[in-house]
Amino acid sequence: MSETLDEYLGRWAGADPLRQAVRAAVTALASGTAAIAALVADGPLAGELAASRGIGADGWDDQKELDVRADEMLLGSLAGKPVAAYASEEAELPVPVTPGAPLIVAIDPLDGSSNIDTDVTIGTIFSVLPAPEGVDPVSEAAYFQPGRAQLAAGYAVYGPHTAFVLSVGEGTIHFVLDRAAGTYRLVKERVTIPTVAREFAINMSNHRHWDDRLRLYIDDLLQGKDGPREADYNMRWIASMVAEAHRIIIRGGIYLYPADTRAGYTQGRLRLVYEAFPIALLMEQSGAAATDGRTPILDLVPERLHQRVPLIFGSREKVERVSNYLTGPGE
């Protein structure tokens, strides 16, 4: 039978204290996601998981019952683990976990909340960072680290099966939940995102709000064989970024969530710390790329805990092509 997540991380960590701390944090989070997977599988039998609980910490997004319960379950999974602070998309500020611990965690407990009541794929995204020296770990400033400072990042995606995709800086690894055993098992140790895929993911309903150069890129794709790309493309849009990421991990393509002219979207919509950083690490570690259109996501440094950012990720050649469009004439 294939190696478990904990066995893999034990082999990776060896006797190194910091790696052992990362192992403990990641396996705890994985346990939390397995519990969420069971809750999601129960659907309406577990209660009104899509019921509104009000507006989220940023004052914009509708917070669902499952958002809150997932957040509580993941925070609870870290009790007693080597994590000093826990920052969640669902809370305004970080909360303490284990004083003096060497790590801090940032997490989007439930990505794709609008899909809860329609039984469409949702997921959890997480990032593990070092607790910075000389900075209170239970402060926003502790999270103002570049994306390349991440010690581990990953996601769980709750679909027909539950997948757990992880990087500890040595490639991207794919696990699947063994429900009978209650553990994740290794499926692929070195994920390489395919370079050739004729799929793109973007919300076309916002076409009129985009930068002209981005519209030109999408319009070129839509022309198919008759356009400059001389190939037909398929569009996907799940309204769950983690599900889009998993599709790209498996079969390639590109995902775009640009900034646009609408109020609240001019600086992008996805969170840099909770969503863009971990997905960008997974992309780069699997040979792909992630950018805000101009700068690699992992080179950015947050100025606010809930900072938003435009996000484009996927096969490297496709991401570079979009960047060329966006930094071309009209800059």
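Entry 1, helix packing. I looked up how helix H5 (residues 241–251) sits against helix H6 (residues 272–285) in this predicted model. Their axes lie 11 Å apart and the packing angle is about 5 degrees. Because angles under 35 degrees count as roughly parallel, I record H5 as roughly parallel to H6.

I then listed the residues that make the contact. H5 contributes Met-241, Ala-245, Ile-248 and Ile-249, while Glu-275, Ile-279 and Met-283 come from H6.

Entry 2, strand E9. I asked how many of the seven residues of strand E9 (residues 172–178) are buried. Six are buried, so the strand is largely enclosed by the rest of the structure.

I traced the pairing of strand E8 (residues 162–167) with E9 and found the two antiparallel, joined by five bridges. Leu-166 has Ile-173 of E9 as its bridge partner. The two strands form a hairpin with four residues between them. In that turn, Gly-169 has a positive phi of about 90 degrees.

Entry 4, E9 with E10. I next followed E9 to strand E10 (residues 183–188), where five bridges again give an antiparallel pairing. Here Phe-175 is bridged to Leu-186 of E10. E9 and E10 also form a hairpin, with four residues between them. For Gly-182 in this turn I noted a positive phi of about 70 degrees.

Technical notes: Residues numbered from 1 in each chain as written. Predicted model: local features only at pLDDT ≥ 70, side-chain atom pairs only at ≥ 80, totals over all residues. Heavy atoms only, no water. Buried < 20%, exposed > 50% of the residue type's maximum accessible area, 1.4 Å probe, protein only. Pairing = 2+ DSSP bridges. Axes fitted to C-alpha atoms, helices over the stretch in contact; angles between N-to-C directions. Parallel < 35°, antiparallel > 145°, perpendicular 65-115°, else oblique. Contact = heavy atoms within 4.5 Å.
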